[in-house]
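I opened my notebook for this one and jotted things down as I looked them up.

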Amino acid sequence: MTATGRPQPSGPQPTGPLNGLRVFDLTRVLAGPTCVQMLADLGADVIKIERPGAGDDTRGFAPPTVPGTEESAYFVGVNRNKQSVTLDISQPEGQHIALRLIAGCDILVENFKVGALAKYGLGYQQLHARFPRLIYCSITGFGQTGPYAPRPGYDSLIQAMGGVMSLTGEPDGLPQKVGVPVADLFAGLYGCIGILAALRHRDLTGQGGETGSNAGGQQIDISMLDTHVAWLANQGMNYLATGENPARLGNQHPNIAPYQVFPTEDGHIVLSVANDPTFKRFCEAFNLTHMLEDPRFVTNAARVGNRQLVTDTLTPVMQQHPTQWWIERLEALKIGCGPINKLSEVFDDPQVVAREMVRPMAHSSGQTVKVIANPIKLSETPADYRIAPPLLGEHTDAVLSERLGLDAAALAALRAKNVI
């Protein structure tokens, strides 16, 4: 039995702190699956609902595929620890099965367009009335309210509208998006945080039973644009403080100098001099004490005001030696620095290896697949890696028979109607 008194499903058992919680996953692509994978890694029991015959859109986002399988690397990256159930929720019988499964769940996560699930009887108000303890997380491009609510949201669109593209790139170049889909990823992570907060609220207020007007459940409304605006961070605050649009600075920092990329004799390095004492130590170590006597360099504010002069002065100095020479000496001085690694170098980095940031999993294809590990390190209840990213519909029969008591004949009849 789980901590909630429910029968434990067959197969590898979760060990994380969310063990005993059940999630009904109606998400696809990236923001929603990122949110749910975090819950799953931490022990939640997840049923991932996919369209019969098609599945999550990202199953088709290939090449590349994982070696030895037909699974897209994209899909595998955000769908471990989930059980795949194919179910057509557009059919009444599919909706009936969905409701029976939701009745045994604590959390529902969805990233449909605003209002789309209501036509299937699966909207928040419909389910809250029926299951008042259900935590219902909706992740959309623009949220449930506001003039843009009906619009679809895409990562590059949100990066453009949310301002980060105006801040990224060389000063005289084109606006640039970030090289990974950060708008999707942040929305997923904020969604997970919201779910955990809602669970805490339910624990504190919703113990009066499964019925009643307030049994602790609520909706979490996550907008990709909202979360994007939230992580504008210091740049957003710089604008609010001054009313001036921050300029694109390439690899330089808007508030600190020198804090940027420099060319070296054989490549490039990031140099991060975060304060005046560190700048003094840097100058004294590399025969640059004349800079400490120049009012244009002596304080961080002065260096920020003369950032191009700082760059022009230090560039020929940094080009005198190879990257590794600089890293060894700067690290000895406890001055922030680092190489600019390609991904091949990232995954071979001894720190990344020591932290076990790549984990092998036994896939149902018979192959071993590598996945990027969960970065949360919990001392007593660590994330686990119990279920490899599933084949489409891999767990349909097992879930429906274990949880709803459907026998082989009932499953065959549903399959004949393309409900599952």
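Which residues form a nonpolar patch on the surface? I found Tyr148, Tyr154, Leu157 and Met161, with about 370 Å² of accessible area together.

Ground rules first. This is a predicted model, where local features need pLDDT of at least 70 and side-chain atom pairs count only at pLDDT 80 or more, while totals for chains, interfaces and linings use all residues. Residues are numbered from 1 along each chain as its sequence is written, and side-chain values use heavy atoms, with hydrogens and water left out.

**Overview.** I got 18 helices and 11 strands for the protein chain. Helices (H or I, at least four residues) and strands (E, at least two) are DSSP runs, numbered from the N terminus. The C-alpha trace spans about 85 × 50 × 40 Å along its principal axes. Of the 420 residues, 46% count as buried; buried means under 20% relative accessible area, exposed over 50%, and partly exposed in between (1.4 Å probe, protein chains only).

**Back to the patch.** Patch members need over 30% relative accessible area and no salt bridge; nonpolar side chains (Val, Leu, Ile, Met, Phe, Trp, Tyr) are joined within 5 Å, like charges within 9 Å. A salt bridge is a side-chain nitrogen of Lys or Arg within 4 Å of a carboxyl oxygen of Asp or Glu. The areas come from the Shrake-Rupley method with a 1.4 Å probe, and for residues only the protein chains shown count as cover. I looked up Leu157: it sits in helix α5 (residues 155-161). Leu157 counts as partly exposed because its relative accessibility is 32%.

**A lysine.** Is lysine 82 buried or exposed? Lysine 82 is in strand β3 (residues 82-86), and it counts as buried because its relative accessibility is 0%. What does its side chain reach? I noted the backbone oxygen of proline 33 at 3.1 Å and the backbone oxygen of valine 78 at 2.8 Å.

**A sheet.** I traced 3 strands forming an open, antiparallel sheet in the order β7-β8-β9. Two strands pair if DSSP finds at least two bridges between them. The edge strands are β7 (259-263) and β9 (336-339), each pairing on one side only. A hairpin takes β7 to β8 through 4 residues, and 5 bridges join these two strands. Phenylalanine 262 stands opposite isoleucine 269 in β8. On the other pairing, β8 (residues 268-272) and β9 share 4 bridges, and leucine 271 has cysteine 337 in β9 as its bridge partner.

Definitions and conventions:
Polar contact = N/O pair within 3.5 Å; in protein donor to acceptor, adjacent residues only side chain to side chain.
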